[in-house]
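Hello,

Here is the structure I promised to pass on to you. Have a look at it first, and then read on for what turned up.

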Amino acid sequence: QVQLVESGGGLVQAGGSLRLSCAASGSIFRLNGMGWYRQVAGKQRDLVAVITSGGITNYADSVKGRFTISEDNAKNTVYLQMNSLKPEDTAVYYCNADVSSYSARRSDYWGQGTQVTVSS
């Protein structure tokens, strides 16, 4: 099993910044990629940013130029630096990990979610 522990959410004023962290632990042979998604109540969960094990990144158009995803491979941790936050960024942010186990099984795991609220 793999556990994802998120931290860093909270309340911030528009224009402010937050940094989310997500640490993966457990039966991990290889982290193929990690990412952040967000969900507003009653709506689908949407991609925010992802990063592969090779450092290739992809962002939702709505956050390009404002958010930066990075990773610390030694710590199995992914970060999301969020700058110039807008009220429409308000959501529950979920960490995702694409993991290969020691038995060569590849699975997706999700964190518990962390609330980000941006006030206007």
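For a chain of 120 residues, a compact globule would have a radius of gyration near 14 Å, and the chain has 14 Å, so the two agree. Please keep in mind that this is a predicted model. Along the principal axes, the C-alpha atoms fill a box of roughly 50 × 25 × 20 Å. Of the 120 residues, 42% are buried. The accessible surface of the chain comes to about 6,400 Å², with 47% of that area belonging to carbon and sulfur atoms. As for charge, there are 11 positive and 9 negative charges in the chain, and their mean positions are 1 Å apart.

On to the secondary structure. Among the contacts with a separation of 6 or more, 54% are between residues 24 or more positions apart.

Cys22 lies in strand E3 (residues 18-26) and Cys95 in strand E9, so the pair ties together parts that are 73 residues apart in sequence. The torsion about the S-S bond of Cys22 and Cys95 is about -85°, which makes the disulfide left-handed. Both cysteines, Cys22 and Cys95, are buried.

Is Ala91 buried or exposed? With a relative accessibility of 4%, Ala91 falls under the 20% cut-off and is therefore buried. Which residues does Ala91 touch beyond its neighbours within four places in sequence? The contacts of Ala91 are with Arg38, Gln39, Val40, Thr114, Gln115 and Val116. Val40 is 51 residues from Ala91 along the chain, yet their C-alpha atoms are separated by 4.9 Å.

Leaving out residues up to four places away in sequence, Ser101 touches Ser27 and Phe29. Ala104 lies in the loop between E9 and E10 too, but with a relative accessible area of 69% Ala104 is exposed.

Finally, a word on backbone angles. Ala104 has a positive phi of about 70° although it is not a glycine. Ser84 is another residue other than glycine with a positive phi, in this case near 50°. Where does Ser84 lie? Ser84 is found in the loop between strand E8 (77-82) and E9, and its relative accessible area of 40% makes Ser84 partly exposed.

Happy to hear what you make of it.

Best wishes

Note on methods: Residues are numbered from 1 along each chain as its sequence is written. This is a predicted model: local features need pLDDT of at least 70, side-chain atom pairs count only at pLDDT 80 or more; totals for chains, interfaces and linings use all residues. Side-chain values use heavy atoms; hydrogens and water are left out. Buried means under 20% relative accessible area, exposed over 50%, partly exposed in between (1.4 Å probe, protein chains only). Contact means heavy atoms within 4.5 Å. The radius of gyration is taken over C-alpha atoms; the globule rule is 2.2 Å times the number of residues to the power 0.38. Accessible areas come from the Shrake-Rupley method with a 1.4 Å probe; for residues, only the protein chains shown count as cover. Lys and Arg count as positive and Asp and Glu as negative; His and the chain ends are not counted. The place of a charge is taken as NZ of Lys, CZ of Arg, CG of Asp or CD of Glu. A disulfide is a pair of cysteine sulfur atoms within 2.5 Å. Helices (H or I, at least four residues) and strands (E, at least two) are DSSP runs, numbered from the N terminus.
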